[in-house]
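Please keep the sequence and the structure in view while reading.

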Amino acid sequence: GEAKAALPLAAGPEGGGPSLCRGGARSPRTSTELSAWVVKRQHRDPDTKEGSLQPEAVPVPAESPTDSSLHPAQLEMLKQFDLSWEYGPCTGITRLQRWERAESLGLSPPLVVRETLLEHEGDPSFMHCLWHDYPL
Amino acid sequence: MFSEQAARTAQGLLTPPSAEASTFARVPVSTYMNCSQHFRLGERSFNRQYAHIYATRLIQMRPLLLERARQKWGSGIAVRKLCELQTAEKCCIVGTLFKSMQLQPSILREISEEHNLLPQPSRTKYIHQSDELILEDELQRIKLEGAIDIQKLVTGTILALYGSEREDGRFVVDDHCFADLPQQLPRRGPSTDRFVLLVSGLGLGGGSGESFLGMQLLVDVVTGQLGAEGEQSCAAQISRVILAGNLLSQNTQNKDTINKAKYLTKKTQAASVEAVKMLDEILLQLSTSVPVDVMPGEFDPTNYTLPQQPLHHCMLPLAGAYSTLQLVTNPYQADIDGVRFLGTSGQNVNDIFKYSSMEDYLEILEWTLRVGHLSPTAPDTLGCYPFYKTDPFIFTDCPHVYFCGNAPSFRSKELTGVDGQQVLLVTIPDFSATQTACLINLRNLTCQPISFSGFSTDEDEGEMEISH
């Protein structure tokens, strides 16, 4: 059968109908494909414009290529480190830079944060702060 | 002082030439150390907001302020964060000051098409009766009232306030205090007279020829080519020359060519090219004879934001060949013969002058030392690099000589701190306007102006005068 992308955003009607005229019927993987897919979907189903959640083409950060989903607890801890106000602003610098700044200013940041960061050095989802993919 | 010594060693200019020419060896440099490493920028990233510099400023200065507050108001005072304030409780709060000024130039207001406003004319002072002070810490902000001089203070100052919060949400201030002078390292100055010459605002490329004569006289005095043996032996005691900014004139900053089309400006040369060549020649004369430290200023070809990086040595091919020429940052800090010098080319003081009711440059200079920060208005109204790790403009130790260049007139003052610090404050006048430089005696930290004047050729024959 046709491949329906299990996209949680679009709430158009399921059911029979010609398959999407896009070449290949795989689910969108990058943000540009997502936007294009959403726009095409909207054109395809004009009668669903009212009354259903039509998504806007919000640029969603692309999924990290590495297996960050394997360490949700660690990422959550790092996110809490980003959000704690005692160590200063978190935007624009890497988490390790922020940790080292907090250490040199005598704020005693938790050591486990540094260990986690050094363990996953080079992994962008660990290195960069929560707001990294959004513009300044 | 300078001239008294000269007068003592007889031999005026009218004596017959001696059999052998006397030579005077310049005093050797005993110790010199450039301590401005924290003002050097390595790799520069502007992908950061200025929140970092304010956050580190507050975090670094808070302990100093709490100590001063406890010394001033008693060790038992309640110290509160703004989120912990209780109404009518006398407590001490520490935070960053923000002055909301109606007249402060705002780019948003300027380009607002709805209002159809013309851009605001530039003023000398932007203060107004309706200005308000607000204190901010990491989480909240609160408006201030009471015993605090709103007109005098500027944005970016870190201070401690004693008072209480009122029902309407404002903080009524009873008293305030600053970080005051930091600790000073002991001064190990020389035992004999040794002078450092401070000059600023040479203003080359300005188009007016009058200051050239004064400048050439200055160079001749320093290199010992002027005066009789008395003056020459005194000049031999000048161990260093510091040029504190604005080597080029404001006229070289002519920005018209930027807006014109490329085909119209192809053959035009920037005005600063000729001016830098003149600078090179002057520095060549100076560096053959004496160590020179060149600080950039507001109109010099280097970056605009503070800390300004040294001029590039490729612009000064003739003088750059000498190792006595040192191109340094603005602000500049160095240990010269055991005396700690710290100074700027005047942008910090000039900016505070615009946004505060203080009129005197020396008063502002003293105020920055008392507040514990070289330039509190950066980055709000003065361009600054977005530091994130530390704020390098916080005073870590107290200098022995603290100067600022490009002031309207020469002023100096000896300041004594609470913990026994002794600082000589000097405002160096703009040489292109006043033809005056300063001599600082490292032995006893005294300061005197030295001015040059030459009458222009359409008057008498051209008498020259050097007054001390």
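## The surroundings of Ser287(B)

Apart from its neighbours within four places in sequence, Ser287(B) is in contact with Val292(B), Ala319(B), Tyr322(B), Thr324(B) and Leu325(B). The model in which these contacts are found is a predicted one. Ser287(B) belongs to helix 8 of chain B, which covers residues 271-287. Is Ser287(B) buried or exposed? The relative accessibility of Ser287(B) is 2%, and buried means under 20%, so Ser287(B) counts as buried. The side chain of Ser287(B) also reaches the backbone oxygen of Leu283(B), at 2.3 Å.

## The two chains

Chain B contains eleven helices and 18 strands. Chain A, by comparison, has five helices and zero strands, and the order of its elements from the N terminus on is α-α-α-α-α. In chain B, 50% of the 468 residues count as buried. In chain A, buried residues make up 28% of the 136 residues.

The contacts within each chain can be described by separation in sequence. For chain B, contacts with a separation of 6 or more are considered, and 74% of them are accounted for by residues 24 or more positions apart. For chain A, among contacts between residues at least 6 apart in sequence, 50% join residues at least 24 apart.

## The domains of chain B

Chain B is divided into two parts. Domain 1 consists of 2-9 + 24-42 + 183-254 + 262-451, and domain 2 consists of 50-105 + 124-177. Taken over C-alpha atoms, the centres of domain 1 of chain B and domain 2 of chain B are separated by 34 Å. The contact between these domains takes 30 residues from domain 1 of chain B and 24 residues from domain 2 of chain B.

How many salt bridges does the rule find across the interface of domain 1 of chain B and domain 2 of chain B? The rule finds two salt bridges there. A salt bridge is also formed by Asp391(B) with Arg57(B), whose closest N and O atoms are 2.7 Å apart. On the side of domain 1 of chain B that touches domain 2 of chain B, helix 9 (347-355) and helix 10 (361-371) of chain B each supply at least two residues. Helix 9 of chain B gives the largest share of that side, namely four residues. The residues of this side of domain 1 of chain B comprise 15 nonpolar, eight polar and seven charged.

## The interfaces in a table

The size of an interface is often expressed as the accessible area that is lost when the parts come together. The table gives this area and further values for the two interfaces.

| Interface | Buried area | Share from carbon and sulfur atoms | Residue pairs in polar contact (both at pLDDT 80 or more) |
|---|---|---|---|
| Chain A and chain B | about 1300 Å² | 70% | four residue pairs |
| Domain 1 of chain B and domain 2 of chain B | about 2400 Å² | 61% | 13 residue pairs |

## The contact between chain A and chain B

Between chain A and chain B, the count of residue pairs in polar contact (both at pLDDT 80 or more) is four. The side of chain A that touches chain B is made up of six nonpolar, three polar and three charged residues. The count of salt bridges between chain A and chain B is zero. Twelve residues from chain A and 14 residues from chain B take part in the contact.

Key: Residues numbered from 1 in each chain as written. Chains lettered and ligands numbered in written order. Heavy atoms only, no water. Contact = heavy atoms within 4.5 Å. Buried area = accessible area lost by both parts, 1.4 Å probe. Salt bridge = Lys/Arg side-chain N within 4 Å of Asp/Glu carboxyl O. Polar contact = N/O pair within 3.5 Å; in protein donor to acceptor, adjacent residues only side chain to side chain. Nonpolar A, V, L, I, M, F, W, Y, C, P; charged D, E, K, R; others polar. Domains from an automatic or database assignment. Buried < 20%, exposed > 50% of the residue type's maximum accessible area, 1.4 Å probe, protein only.
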